[in-house]
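Keep the structure open beside you as you read.

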Amino acid sequence: MKSFMNKTVITNFFSLSSLQIANYIIPVITVPYVVRVIGPGNYGLTSFANAFIAYFILIVNFGFDLTASRDISINRNNNEKISEIFFSVIAAKIFLFIVTLILFIISIIIIPRLHQDLLLYIVTYGIIIGNIFFPTWLFQGMEKLSRTAFFSLIARLIFTCSIFLLIKKEGDYILLQALYSGGQFVVGIAAFIYAIKLFKIRLYIPGIKKIYITLKSSFTLFVSSVVINIYTTSNVVILGFFATNVEVGYFSAAMKFMYITQGLFVGPFSQTMYPYIANAFTNSFDNGVKKLKTIFAIVLTLTFLTSILLLLFSHLIISIFFGNKFIPAILTLQIISFLPLIIGISQVCGTLALLNLKYDKIILRICAIGALLNIIFNLLLTPALKGNGTALAWLLTELYISGATYYTLRRKGINLFSWNEIINMRNLLRFRNN
């Protein structure tokens, strides 16, 4: 019997998943300690700072994780072209960093909420520097994702050891952010140097025109990323203007654990499969659809089980993981417990299917409507319900995104849902080389 994946993809997925498990076990160890030391209020404050700085990280990334990885995947056997793509993206990210620095200074000046914790935001902003040089998109396009996960693991280990050695009191929340920024910087530079040596990247100095072309090619997906960010990261930011730091802390606790569970499977699966499906569609449309159907069945099954476990054990999770001070976060976690399932569906239908079929503008339109809906839902629900209102707004938005991407594929003649694929999970155990 034929398998839907080759051994390279299987190796990438399981090596990445194994390291991702380690990456996400570390927060299981550190977060309970951190939240108990710095308290719900400061945890909410640092969560707000991270969400705010995420806007600038989004600008620097500019959709390159998808466009650059797609270009690298297509040209993986052309060292000269890979070198050109690599340095063009790095140069574009440096240019975007300068833009974000200007925007950050303006934000600090005009937003009163940022004034009293100015040092916190400056320290958190340092995360961006490491992000510039960490070429996740290169490793992804070359299907060497285990290398990316390895560097991420090193960063987390450095961060973890530093936490237990240095974070001792409530006022250490700024030091906490400084440790995270420093770790990201060191690992980002190390990954940059390692990538150049591993893939034998040759020096290429892009001109202004080349940087412009690089930015232009990613613009549509960048806009998509911006609108997606409105209904993910912006939830914390919007909540921060309607609620106290403590209430932001409750929501952030539930959101943190949901991201941990989602990151154990959906994240590595989507990253591994994106270049693989790109190649499958390049070879044959029918072959690409067939493989998408099996992937969809796997994602649907595992994320459904994950969501059920989150719902049933939410009280135990919050009590053990965050402590009794975070009991109000239990209901929030229950509200968003089915997000792994819903997001898993949109990852397959949107990222793996529609993007690889070059329907970038359709994705942009869906995400733009989702962003608008998210703002409306937040304005209606958050003032009265605080974190639980934000959770409901997030859930409703993700439901729309998943439904819209799935419906779009159906209109394009692609039906991914098949009971036979879901029931016959033996496909997971049969591997072959393409």
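1. Let's begin with a pocket: α2 (64–74), α3 (79–110) and α9 (208–230) each supply at least two residues of the lining of the second largest pocket. Please keep in mind that this is a predicted model.

2. How much space lies in that second largest pocket? The answer is about 190 Å³. Its lining has 14 residues, and those closest to the centre of the pocket are Asp-71, Ile-85, Lys-210, Thr-214 and Ser-217. By class, the lining of the second largest pocket is made up of 5 nonpolar, 5 polar and 4 charged residues.

3. Next, have a look at α3 together with α4. The two pack at an angle of about 170°, and their axes are 12 Å apart. Angles over 145 degrees count as roughly antiparallel, so α3 and α4 are roughly antiparallel to each other. On the α3 side, the contact is made by Phe-97, Thr-100, Leu-101, Phe-104 and Ile-108, while α4 brings Leu-118, Tyr-121, Ile-122 and Tyr-125. This contact of α3 with α4 has 8 nonpolar residues, 1 polar residue and no charged ones.

4. Helix α4 (residues 118–125) also packs with helix α8 (residues 173–198), here at an angle of about 15° with the axes 8 Å apart. Are α4 and α8 roughly parallel or antiparallel to each other? Angles under 35 degrees count as roughly parallel, and α4 and α8 are therefore roughly parallel. Their crossing is left-handed.

5. Which residues meet where α4 and α8 come together? From α4 there are Leu-119, Leu-120, Val-123 and Thr-124, and they meet Tyr-173, Ile-174, Gln-177, Ala-178 and Ser-181 in α8. The residues of this contact divide into 6 nonpolar and 3 polar, with no charged residues.

6. The crossing of α15 and α17 is left-handed.

7. By class, the contact of α15 with α17 has 13 nonpolar, 5 polar and 1 charged residues.

Notes:
Residues numbered from 1 in each chain as written. Predicted model: local features only at pLDDT ≥ 70, side-chain atom pairs only at ≥ 80, totals over all residues. Heavy atoms only, no water. 1 Å grid on protein atoms, 1.4 Å probe; cavity = no way out; pocket = protein on both sides within 12 Å on 5 of 7 lines; lining within 4 Å. Points joined across faces, edges and corners; volume = space filled by probe spheres on them. Helix = DSSP H or I, 4+ residues; strand = E, 2+ residues; numbered from the N terminus. Nonpolar A, V, L, I, M, F, W, Y, C, P; charged D, E, K, R; others polar. Axes fitted to C-alpha atoms, helices over the stretch in contact; angles between N-to-C directions. Parallel < 35°, antiparallel > 145°, perpendicular 65-115°, else oblique. Left-handed = near helix turned anticlockwise from the far one by under 90°. Contact = heavy atoms within 4.5 Å.
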